[in-house]
Amino acid sequence: MPSAGRTTLIALTALAPVSWGTTYAVTTEFLPPDRPLFTGLARALPAGLLLLALARVLPRGAWWWKAAVLGALNIGAFFPLLFLSAYRLPGGMAAVVGSVGPLFVIGLSTLLLGQRPTTRAVLTGVVAAFGVSLVVLKAAGGLDALGALAALASAASMSTGTVLTKRWGRPEGVGPLALTGWQLTAGGLLIAPVALLVEGAPPALDGAAVGGYLYLALANTAVAYWLWFRGIGRLSATQVTFLGPLSPLTAAVVGWAALGETLTPVQLAGMALAFGATVAGQRAPRAKTDTGAVPFSSPSRNGRKDSMDLTGPGLRR
C-alpha cells in the first residue's frame, strides 16, 4: 500500500476512536441517567439493522457462528462490561485499565496470528497507557474489585475480537459494511434481554435524548465501527489498536472545549505522551522480503484462509 494511501487509511480508521471519545459528553448532556445497558442497546441494534439493510447480505455457513462470536466480543460483552466499569471505578480509572488493550492485542497476535512481539511495540503500549493515566486519572478513590475486573474484561473482549476479526478476515465477496452489520446486530441482540432484565422498560425520551441516541447509533456506532473493521481488514491488529488511546484523549478535549473542564500541565503532558505513542504505533517496519505487501484476501469458498496482511511493509507490526 502506498505511503499516502496508508496514511489516509489510518486517518479514517482513527475517526472511530475519536468518535467514541464523544460518547461521555453526549451521554451526560443529552441522555437519561443510569441507563447504560439501554444506551448500549440503542447504539448497537439500530445501527446493525441499518447496515444489514444497506448491505443486503446475510452470513452463510460457519459465518453464522463467527459473526455471533465477533458480535459478542466486540459489542455484546464489551458494551456492558465497559459501562459497568465506568459506573464502579473512580474518575478515569476505567479508561486507564482499558488502555492496556494494545498490550492484550500484542499478546493475542502472537498466539493467534503468529506475529512475534517487538520491544518497540511493548514499550509503545506501556507509554500509551501511562499517558492516558496522566490525562484521565484524577482524585484517588477506593478501587472497586468488580469494576477493575470489568474494565480488564472489556479490554480483553475488544482485543480478542479485534485479533479474531483479523484472523478470520471476511467471506469472499463480503465487504466491511456487511461484516459490521452482522456484528452490531448480534451484539445488540445479546444486550437486549440483559437490558430488559436489569433496567426494565425503555425510558421516556425527550427531543434531546432522541437526538443523542440518533447520533450514537449513526455516527458513533454505524459509521465508526464500519471504519474500525475496515481498518482491521487492511492494517495490522496492533496498528489498529494503538489508535484506541485517541478515545480518552478526545473525551478530555471535548470536556475542556464543551463542558468547561480544565486541563492541567500534567494532563497536557499525558496527552502528548499518549498521542506520541499512537503515532509511533503506526510506524511501518521494514519489509522482510523484496516481494512487497501481500494483499488482504478473505477466506476462499472452500474454507481455506488466504493471506491476511501479515508480511508486507506497513501492514505488520
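Two aromatic rings, taken from Phe, Tyr or Trp (for Trp, its six-membered ring), are counted as a pair if their centres lie within 6.5 Å; planes under 30 degrees apart count as stacked, over 60 as edge-to-face and the rest as tilted. By this rule the structure above, which is a predicted model in which local features need pLDDT of at least 70, side-chain atom pairs count only at pLDDT 80 or more, and totals for chains, interfaces and linings use all residues, contains 9 aromatic pairs. Residues are numbered from 1 along each chain as its sequence is written, and side-chain values use heavy atoms, with hydrogens and water left out.

Ring pairs join W20, F78, F79, Y225, W228 and F229 into a cluster. A pair of aromatic rings is described by the distance of the centres and the angle of the planes. The rings of W63 and W182 have centres 6.0 Å apart and planes at 50 degrees, so this pair is tilted. Because W63 lies in helix α4 (residues 63–76) and W182 in helix α10 (residues 176–199), the pair ties together parts that are 119 residues apart in sequence; helices here are DSSP runs of H or I with at least four residues, numbered from the N terminus. W63 is buried, with a relative accessible area of 6%, and W182 counts as buried at 4%, where buried means under 20% relative accessible area, exposed over 50% and partly exposed in between, with a 1.4 Å probe and protein chains only.

Among the buried residues of α8 are A121, T124, G125, A128 and V132.

On the surface, L50, L54, L205, V210, L214 and L218 form a nonpolar patch with about 500 Å² of accessible area together; such a patch joins nonpolar side chains (Val, Leu, Ile, Met, Phe, Trp, Tyr) within 5 Å, from residues with over 30% relative accessible area and no salt bridge, which is a side-chain nitrogen of Lys or Arg within 4 Å of a carboxyl oxygen of Asp or Glu. Helices α3 (36–55) and α11 (207–234) each supply at least two of its residues, and α11 gives the most, with 3. L50 sits in α3 and is partly exposed, with a relative accessible area of 35%.

How values were computed:
Patch = residues over 30% accessible without salt bridge, like charges linked within 9 Å, V, L, I, M, F, W, Y side chains within 5 Å. Areas by Shrake-Rupley, 256 points an atom, 1.4 Å probe, with all protein chains shown as cover.
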